[in-house]
Amino acid sequence: MSSTWILLVFISLAVAWYLGYQARHKHVIDKKINLPRDYLVGLNFLLNEEPDKAVDVFIKMLEVDSDTVETHLAVGKLFRRRGEVDRAIRIHQNLIARPQLDKVYREQSLFELGQDYLSAGVLDRAERIFLEVVSVKDYAIPAYRALLDIYQQEKAWENAISIASKLAAATKKNMQPIIAHYYCELAEIAISNKQNEQADQYIKNALIADRQCVRGSLLQGRFQMDKGDYKSALRSLKGIKDQNPDYISESIDALASCYEALNEEEQLVKYLMQLLKEYPHVPVVLILSERIRQWKGDKVAANFVADYVRRYPSIRGLHLFISLYQSSTEGRAREDLLILQNLTKKLLADKPDYRCVSCGFSGKSLHWQCPGCKQWGTVKSVDSLEECTT
Ligand SMILES: [Zn+2]
């Protein structure tokens with residue numbers, strides 16, 4: 001398969017060589033034309049199924065004729081796209097090593113080599129090249145994009161912030177929501193290192209970069225809870241529904257803990273009832289039904305959930321209803337409900353909790369950067385997505 005493909009490369013090279021020859025030897029065009037000997041040697045290697053040696057010959061042919069630079073660049077790119085990065089690297093390195101190579105081609109070869117290293121995961125070399133190429137006007141924007149990719153992979157968030165700002169200036173694209181995520185990444189590292197002051201500053205920077213940054217508010221709320229400042233935490237967490245209601249479910253548990261710590265359980269129920277009218281999300285029902293169950297028993301809680309499921313049918317809602325209702329039944333009815341409960345449990349186990357609205361990646365946990373398409377803030381809870389469409 002690989003040999004066949006390289007054979008095609010050789011044929012294209014022969015055509016390129018022939019066109020160059022024709023251009024330079026117009027006066028002798030009618031004479032018999034012989035292909036370079038190396039071409040035949042390369043073909044021979046291919047026929048003997050030695051593609052690597054064939055590539056070496058192919059590279060060497062450039063010394064014979066500089067009119068084939070464009071072909072080499074095209075072939076290098078094709079090698080990379082096919083995942084044969086080592087070969088692409090050899091071709092581009094060989095081009096750059098030629099002192100007489102035109103400046104435009106040198107810059108292009110360098111950019112391509114950077115892409116090769118990026119594809120191969122040799123990030124430090126790719127970084128060095130893109131930092132050089134970024135000063136070339138035509139390559140500035142793609143080089144910034146490549147650098148951003150590198151810094152994200154390396155989790156070098158400070159560098160990512162700096163490059164994202166430059167990319168925003170060059171493209172006039174709003175990068176603030178992504179920059180806010182970078183600050184949140186830094187804040188999470190600082191929190192895990194117990195560097196509280198730094199964490200506080202990073203969270204503030206995230207919310208300055210993007211006031212709608214849900215992740216920033218969540219971090220702020222949890223950070224304030226850790227300090228015992230539940231009132232401030234409540235303010236931060238309650239703001240999330242206005243920033244982006246798709247993430248309400250992420251704040252509910254923390255909200256309930258704050259009210260509990262403040263001994264304001266009644267306020268919690270009042271707040272959740274109000275929230276449920278605006279945003280009928282399952283996690284709100286879960287927390288509320290648990291409170292109702294503790295205060296008024298299983299039956300009242302089951303009626304509350306039944307009312308919700310009737311209006312907003314969902315498997316999770318149904319599962320919750322069965323669990324609550326089951327305890328107030330006995331005999332055959334109880335057995336039947338148990339079967340149903342096992343069924344809904346199984347359905348829920350197979351169902352993803354989160355899904356990316358951009359690429360469809362799904363899983364059981366929330367990723368702020370989608371592992372599939374690498375976009376930020378596109379993974380959302382399936383409940384909120386389903387409820388948005390009903
Ligand atoms: Zn995605």
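**Close-up 1. Ser 217 and its contacts from elsewhere in the sequence.** In this predicted model, look past the neighbours within four places in sequence and you will find Ser 217 in contact with Leu 207, Ser 236, Leu 237, Ile 240 and Gln 243. Ser 217 itself belongs to helix α12, which runs over residues 214-226. Its relative accessibility is 5%, so Ser 217 counts as buried.

**Close-up 2. A salt bridge between Glu 84 and Arg 87.** Here the two side chains meet with N and O 2.2 Å apart. Both partners, Glu 84 and Arg 87, are buried. This pair is one of the 22 salt bridges in the structure.

**Close-up 3. Asp 336 and Arg 332 in helix α20.** The side chains of these residues form a salt bridge, at 3.3 Å from N to O. They sit four residues apart in the helix (residues 331-350), so about one helical turn separates them. Asp 336 is partly exposed, at 35% relative accessible area, while Arg 332 is exposed, at 61%.

**Close-up 4. Lys 364 and Asp 353, a salt bridge between two loops.** The closest N and O atoms of this pair are 3.9 Å apart. Lys 364 lies in the loop between β2 (362-363) and β3 (379-381), and Asp 353 in the loop between α20 and β1 (354-356), so the pair links distant parts of the chain, eleven residues apart. Lys 364 is partly exposed, with a relative accessible area of 46%; Asp 353 is partly exposed too, at 31%.

**Close-up 5. A network of salt bridges.** To finish, meet a group of four: Lys 77, Arg 80, Glu 112 and Asp 116 are linked through salt bridges into a network.

Definitions and conventions: Residues numbered from 1 in each chain as written. Predicted model: local features only at pLDDT ≥ 70, side-chain atom pairs only at ≥ 80, totals over all residues. Heavy atoms only, no water. Buried < 20%, exposed > 50% of the residue type's maximum accessible area, 1.4 Å probe, protein only. Contact = heavy atoms within 4.5 Å.
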